[in-house]
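Please read them alongside the coordinates.

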Amino acid sequence: MKKHNKYALQGLKALKRAAAKVAKNARKNKYKIPVWKNGRIEYEIPEVITEPCA
């Protein structure tokens, strides 16, 4: 199995950190964010995620 590029893994971690910050800010300020569900965009306040970002 081919190893992943280290820069791709760093980028993935950065995207996860950024998404977690956006979700935290949206929960704090009661903002709705767009989420793709059932073939269309729905706006909702993100739920609290208890698992850590890896």
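1. Lys37 has a relative accessibility of 33%, so this residue counts as partly exposed. The value comes from a predicted model, as do the others in this note. Partly exposed here covers the range between the buried limit, under 20%, and the exposed limit, over 50%.

2. Lys37 takes part in a salt bridge with Glu44, where the closest N and O atoms are 3.1 Å apart. Glu44 is at 27% relative accessibility and therefore also counts as partly exposed.

3. Strands E1 (residues 33-37) and E2 (residues 40-44) run antiparallel to each other and are paired over 5 bridges. The two strands make a hairpin, with 2 residues between them. In the turn, Asn38 has a positive phi of about 55 degrees.

4. Arg40 forms a salt bridge with Glu42, the closest N and O atoms lying 3.7 Å apart. Glu42 counts as partly exposed because its relative accessibility is 21%. The search of the whole structure gives 2 salt bridges. Side chains of opposite charge can pair when their charged atoms come close.

5. Which residues gather in the patch of positive charge on the surface? They are Lys13, Lys16, Arg17, Lys21, Lys24 and Lys28. Of these, Lys16 is placed in helix H1, which spans residues 6-29. Lys16 has 36% relative accessibility and so counts as partly exposed.

Technical notes:
Residues are numbered from 1 along each chain as its sequence is written. This is a predicted model: local features need pLDDT of at least 70, side-chain atom pairs count only at pLDDT 80 or more; totals for chains, interfaces and linings use all residues. Side-chain values use heavy atoms; hydrogens and water are left out. Two strands pair if DSSP finds at least two bridges between them. Helices (H or I, at least four residues) and strands (E, at least two) are DSSP runs, numbered from the N terminus. Patches are made of residues with over 30% relative accessible area and no salt bridge: like charges are joined within 9 Å, nonpolar side chains (Val, Leu, Ile, Met, Phe, Trp, Tyr) within 5 Å. Accessible areas come from the Shrake-Rupley method with a 1.4 Å probe; for residues, only the protein chains shown count as cover. A salt bridge is a side-chain nitrogen of Lys or Arg within 4 Å of a carboxyl oxygen of Asp or Glu. Lys and Arg count as positive and Asp and Glu as negative; His and the chain ends are not counted. The place of a charge is taken as NZ of Lys, CZ of Arg, CG of Asp or CD of Glu. Buried means under 20% relative accessible area, exposed over 50%, partly exposed in between (1.4 Å probe, protein chains only).
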